[in-house]
Amino acid sequence: MKTKPVLGLTDVNLILDAAQKEADANGWPVTIAVADDGGHVLGLRRLDATAPFTAHVAMEKARSAAMGRKETQIFEDMINNGRHAFLSAPLQGLLAGGVPVILDDQVAGSVGVSGVKPDQDVRIAKAGIEAITSSVNRL
């Protein structure tokens, strides 16, 4: 029987705290969502002065990254480079800002961020993921 890593509540909070620290350090009002490997939201944090719709977008980015097993920037690039048929895929978060959490070469979950420029959303998501991967690598 195979085993796989999963994100627990402590992991989710570690990711959210690290991602928020990166956002706060840059004055970026965002929503941060953490999902499990099936795209189900485990945690959501909408920072002060963040537009309400970013909560939905962040959750969808996290869902798409988890289910697609790759960064959502890849999906956005596909569409922008002419693969318009991909718009009919049953995913909504096809914009940069969703990043899978990969532990032991498996997707354990994902982080979705919405609220600022695409590269800034990705930077915040990766800051959260770095906190969990660093924590796991120390064990």
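Mentor: Let's start with terms: a nonpolar core is a set of buried Ala, Val, Leu, Ile, Met, Phe, Trp, Tyr and Cys residues joined through side-chain atoms within 4.5 Å, and buried means under 20% relative accessible area, exposed over 50%, partly exposed in between (1.4 Å probe, protein chains only). This is a predicted model, where local features need pLDDT of at least 70, side-chain atom pairs count only at pLDDT 80 or more, and totals for chains, interfaces and linings use all residues. Residues are numbered from 1 along each chain as its sequence is written, and side-chain values use heavy atoms, with hydrogens and water left out.

The largest nonpolar core has 23 residues, and Leu7, Val30, Ile32, Val101, Val111 and Ile124 touch the most other members. At least two residues of this core come from each of α1 (9–26), β1 (31–36), β3 (98–103), β4 (106–114) and α4 (118–138); helices (H or I, at least four residues) and strands (E, at least two) are DSSP runs, numbered from the N terminus.

Now zoom in on β4: eight of its nine residues are buried. It runs antiparallel to β1, joined by six bridges, with Ala35 opposite Ser110; strands pair if DSSP finds at least two bridges between them. β3 also pairs with β4 in the antiparallel sense, over six bridges, and Leu103 has Gln106 as its bridge partner. That hairpin has two residues between the strands, and Asp104 takes a positive phi near 55°.

Ser114 also belongs to β4 and is buried at 5% relative accessible area. Beyond four places in sequence, Ser114 touches Val30, Thr31, Thr54, Val57, Ala58, Lys61 and Asp121 (contact: heavy atoms within 4.5 Å).
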